[in-house]
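Thanks for coming. I will show one structure and go through a few of its features.

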Amino acid sequence: MTILDGKKISNDIKNEIAQEVAKMRERGEKVPHLAAIIVGKDGASMTYVNSKVKACERVGFESSLYRLPNTISELELLDKIEELNQNDDIDGFIVQLPLPPQIDTQKVLNAVDPDKDVDGFHPTNFGKMALDMTTFIPATPFGILELLERYDIPTKGKHTVVIGRSYIVGRPMSILMGRSGFPGNSTVTLTHEFTKNITQITSQADIIIIAVGIPDFLKKEMIKDDAVIIDVGITRVPDEDSPKGYVIKGDVDFDNVKDRASFLTPVPGGVGPMTVSMLLKNTLLARERHRMANK
C-alpha cells in the first residue's frame, strides 16, 4: 500500500510556484495578490485562513485579510465583495465559509467576480468546469486530481465511486473524474445519504473518493482488494487519551482499510495540505490571465 503524501506534494507545488514568482519579480512583473474575507471568529476558519496567509508569504505572493464582524449585514458584505471586485491590485479572493445565518451564502458566492473566484464556486466557473472549459477548479477537487496525476494512478476506464455530493467536493469530483483526459475517463457513480446498498457499489469500485464528514465510515469490507482510496473527511473526535482532548479522523477506517487498499490518503496529511496549494495555483493562473488581458 502506498500512502498518498499530500504534505510532500503540497510542498513540491509551493516550491514550483515560488520559482515562478521569483521569475516574475526578475522580469519586473506584478506578483500575484490573494485576498480573503473572513466573517466572525470561527476557530477552524481562522486556522485555515491563517494557513493561507502563511502560504502566500512562503511563495512570495502578496496577501490581504479582511476580518469582518459576525454581526455584519448581507448588504455590507456584498459592498465589500464589490470593492474587491473593482480593486485591480487583487488577482483573486475567497470568502471563507461558513457565513453567519443572516447572510445568504449563495448570493455572496454569486457576487464574486468569476475572474477572481479562485475558490471555483461561482456558477460561471462551475459551468465551465462541467463543459471541460479552462476555468478555476475548486481547490480540494483540484488537489485530488493533482495527487492522482503525480502518483500516476490510472483512471482511464476505471470505476470511480464518489461518496458525498456537496458542491465543494463530491459533485465537482464526479464531473472531473468523468471528463476527457487524465486524470479522468472514469465511469463514475455518485452516491449520497439516500443511496441503497452502498457496500454493493463501493465493493466494485477501483477508486473511491469519500467526503461525508462521518469518521471511519468506509470499512475494510466495503472495498475490494487494491482499491485507490481518497479520504477528504476531517473531523475532531473527542479522545481523553489525547493531550488535545481530541483526535483528527477521516471518513475512512484507516487502520483496517490500509491492508486492502493499493493507494490511500492519510488524515491529516493527505488531501488537506493540497487544498491551500491549489488555491495558490489558481491565484497564479488568475494573475497570468489578468496580465494577458491587460497587454
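Let me begin with one span: residues 4-119 are 50% helix and 16% strand, and their end C-alpha atoms lie 23 Å apart. Helices here are DSSP runs of H or I with at least four residues, strands are E runs of at least two, and both are numbered from the N terminus. For residues 4-119, UniProt, in an unreviewed entry, gives the feature "domain: Tetrahydrofolate dehydrogenase/cyclohydrolase catalytic"; such annotations may be inferred rather than shown by experiment.

A word on the source. This is a predicted model, where local features need pLDDT of at least 70 and side-chain atom pairs count only at pLDDT 80 or more, while totals for chains, interfaces and linings use all residues. Residues are numbered from 1 along each chain as its sequence is written, and side-chain values use heavy atoms, with hydrogens and water left out.

Next, a helix pair. Helix H2 (residues 43-59) and helix H10 (residues 271-293) have axes that come within 10 Å and cross at roughly 55 degrees. Axes are lines fitted to C-alpha atoms over the stretch in contact, with angles from 0 to 180 degrees between N-to-C directions. On the H2 side, the contact (heavy atoms within 4.5 Å) involves Tyr48, Ser51, Lys52, Ala55, Cys56 and Val59, and on the H10 side Thr275, Val276, Leu279 and Leu280.

Last, the structure holds one aromatic pair, meaning ring centres within 6.5 Å. Phe121 and Tyr167 sit 5.8 Å centre to centre with 85 degrees between the planes, which is edge-to-face (over 60 degrees; under 30 is stacked, the rest tilted). The two residues are 46 residues apart in the chain.

Technical notes:
Rings of Phe, Tyr and Trp (its six-membered ring) pair if their centres lie within 6.5 Å; planes under 30 degrees apart count as stacked, over 60 as edge-to-face and the rest as tilted.
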